[in-house]
Each structure stands twice: as C-alpha cells, then as structure tokens.
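Trainee: Could we take a close look at one part of this model together? I would like to understand its charged pairs.

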Amino acid sequence: MPDEFKKEIDKEDHSTQGIDQVSQTILDQLKNTDSELLMTFPFETKSETNPPPSDNNNLIQHIRDFSRTPKEIKDYLDRFIVGQSNAKKALAIAICDHYNAIKDHLNNSHDQESYGKQNILMIGPTGVGKTYLIKRIAELIGVPFIKSDATKFTETGYQGGDVEDLVRQLYKKAENQLETAQFGIIYLDEIDKITGSQSRQHKDVSGRGVQTNLLKIMEDTDVQIRPPWDIQSQLKQMMGNNTGDANEIINTKHILFIMSGAFNDLESIIKHRLDGATIGFERQKPSATCNTPLEDLRTQDLVKFGLEPEFAGRMPVRVSLNPLSIQDLFQILTQSEASILDHYIKSFKRYNIELAFAEDALYEIATIAHEEGIGARALASTLEKVFREFKFELPSTTIRFLYATKNLIKNPQKHLQSLLKNPHEEFKLAVKAYLNSASENHKVKIHFETLFDACNQSSTSESIIQIINDHLTNKEDNVSHS
C-alpha cells in the first residue's frame, strides 16, 4: 500500500465513523491513488448519478432508427474488401437481423421476444479479410467493437484471461457506458485453437473449458464490471458495502458474438463425410452447386473437429471465406479504398518523392505476395522488402521521382544501384516510361523533350507528377492527338 495512502487514512478519526463512512473514505483514496495494483476502470460509487454523454444518447437513438438494408451494407463492404461476395451477403443479413431485433427491443415491440441471436462463425485462411470485414461493419453501424484471440483465455483464468474480461473490455471501449456496451460486437479470433488439449503433460485449461465458459456469455447473462479479484470489489465486500448495484452489471443478451478461425482440417472432415455417403448402392451424385466442401458444412463436422455441440449450436450463421487469388490481390492494390498501396505512396511523399507504378509492376507484387500464402497481409511485407533500400537511400539524394516497373520489382537492388550511379539518365528513362503509360490512358502522343527540362528544374517541394499533368493538359505545346 502506498505511503501517502496510509497517511491519508490515518488522518481520519474512525472511532466515530460508521462502516459506510470508513468504506467510502478508503474508496475515495483508492480513486485518487496511482497504483499498478488497481484496475484501469474508473471508480464509480453508488452516489454518482451523472447522466450519460450526448454521444451515448445519439448512439441509442441511432439504433432506434436503424433502417439499413443488407444490400447497403454489402455495397459499403465492397468499397474496402475485394471478393468474398457470399460472405458479405451472409454477414449483411445477420447484422441487419440483429440490429432490427434490438431496434424492436428499444421501441418496446413484442416482435423481438421470439428472436434468436445471430451469432456468427467465420471460417477462412489467414489474411482473407475476416477481421477487416467485422471492423468495417462495426464502424458503419457505429457500435463499440473489440477483437481478441481465443488462445488468451483459460477455463478458470489462473493461467490466462477469463472470458468475462471480453465483456469488460467492451464496456471500456464504450467509454464506460453500460447502455452503449450492451449493443456492441465482440470478435474472437483463432477459435479453432481451443478445440482440445495442446499438451498431453498438462491439463487442458484453454480448450473445451473455455468453450463452456463462452456459452454463458454468448446468450443472456449478467457480467460484473469489476471481477471478484479487483481490489475495490474486495474492499467493498469486506466492509459490507457490496450491494450488487445494477449500474455495475452488464447484460450480454444483445451483444453480438462473432467467432473466426482457419479450421485447416475441416475440409477433409467434410470430404470424408461426403465420400462416405457415396459408397454402396445408395450413393448420391455430388451437388452441382457445391463448389467447395465448406459450402456443405454441418454442425456434426464442427463437433468432429473439436467444438462442443452446444457451442457450435450458439453460432447459427456460418460464413466461409475463400483464399485470395493473384487477381484478388491485384484488385486489393488497385481498387480497394484505404489500400496499402496508397499508404506506401504517401510514405514516400513525406520525403518529397513521387512514387508511381506500372500495371505489370503491381501484378508482379501481387504474384510475389500470393506465394507467401498469408493472404493480403503479404502485400505490406512485399512492398517493404522491395522498397526498403529505396526509402533508405533516396531521401538523401536529389531524386524526387521513382517509377516502379516489373523489372524493378523483380530486381530492386540492381535498379537502385543503377539509379544512384547515374540518377539523371535513370530519371529520364523513368519519366519517359511513366509518360508512355500516361499517354495510353490519355489517348495522346507526348513530346518528351519539353518535359525533361521542367522536371529537372523542379525543387524538392514541387510535385513532378503535377508538372507532368500540367503538360498533359497543355495540348498546344507538348502533346498532340494520336
């Protein structure tokens, strides 16, 4: 206990104070004491009656007025995530059903009484956009959202976290507003990693026991904002001040739970079941509409994989996501909003260097990233590997324009050495290559000589791309119709 905490308590004359007064004194000191032993949650007391902020009221009213359609949500997701059409449709329908039911609840409608919560299970390899899909949906709806990994939790919490901590994290993300937190989204990744014991030498503390504990919070239960091991909770209980205030309990009835995992061996389980049904005289022809085994997923397959039947049954919406192809990765670079490519171009621009790409260079980046086998995450690592030395060397030179071709992507070190050895000549070749590409898009023929002088004379703060665009629009002097 901190010394200043002891001194402050010793100042009080406790002989004439009741238990409530002594308890309140200690809680007040806890509230004002910086200690690593205390929880990060704010210390509300029973006497606090501050109204929720206007943002909280706006969110509740926003949900009361919820009127989005599944197609609107899918169209929004199409702006950021390439492909996965079936997954987007399933998610959009489940989200609309869920928040329409909450809307009925807030408007005191009786229609929501028979509604079953649409908890979601997402199955797909790493890097296909599972987390990104849910994050964008939460932003669109405007509700608090948290993400965690299932491997962080254990059955009793003595070697890891308690699953109820998920609800407490959501409460914290909702800025400690109970009414807001109870309409949020909890996303739990790597759920396939808790399907059994990870070691024969130790008790399974992070497998089936965690599934059982998750069952309690996935439906309708009350969770204490402060866990029993919290110092304030223990002091209040010791001093008889633990009255079970409703303001310290959050109900999970309207919290949407979304689980995801790679489920690497699940397809083989489904194939084995389907192949077994085709042996003998009663064998059936494969369904013409089933493109992948995951489309024929059943609860029994999840149970055989290792999920508890009750746990699998709590997730009625099953969504499968496909691995990303080279074309998908190319479209992510060129078409999706907030693309990693845009961020990388901006990172060069902060050094006053204009970075442009040929189309075949982007396709080569997508090809290299696809070989990594980790989905869209490989795009960032591929760009970093290719341009690391360029970003280190070029800011210290006078070079202010870099045009990435397929040859540069395939052999970046050789191209960099040539650029540093003869920057003027390499610069002219880069500009000429860029303008050749631009001329095809603009349907014009460009006279390069008038551009080189202007580009060479540009200062470090002047955009070469802007100079080129200015010349492209000045058809009388510099370009002619092809």
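Is Asp 296 buried, partly exposed or exposed?

Mentor: Happy to go through that with you. This is a predicted model, in which local features need pLDDT of at least 70 and side-chain atom pairs count only at pLDDT 80 or more, while totals for chains, interfaces and linings use all residues. Residues are numbered from 1 along each chain as its sequence is written, and side-chain values use heavy atoms, leaving out hydrogens and water.

Asp 296 is partly exposed, at a relative accessible area of 24%; buried means under 20%, exposed over 50%, and partly exposed in between, with a 1.4 Å probe and protein chains only. Helices here are DSSP runs of H or I with at least four residues, numbered from the N terminus.

For context, the structure holds 13 salt bridges. Another one joins Arg 168 to Glu 164, with closest N and O atoms 3.2 Å apart. Both residues sit in helix 7 (residues 164–173), four residues apart, about one turn of the helix. Arg 168 is buried at 4%, whereas Glu 164 is partly exposed at 26%.

How values were computed: Salt bridge = Lys/Arg side-chain N within 4 Å of Asp/Glu carboxyl O. Helix = DSSP H or I, 4+ residues; strand = E, 2+ residues; numbered from the N terminus.
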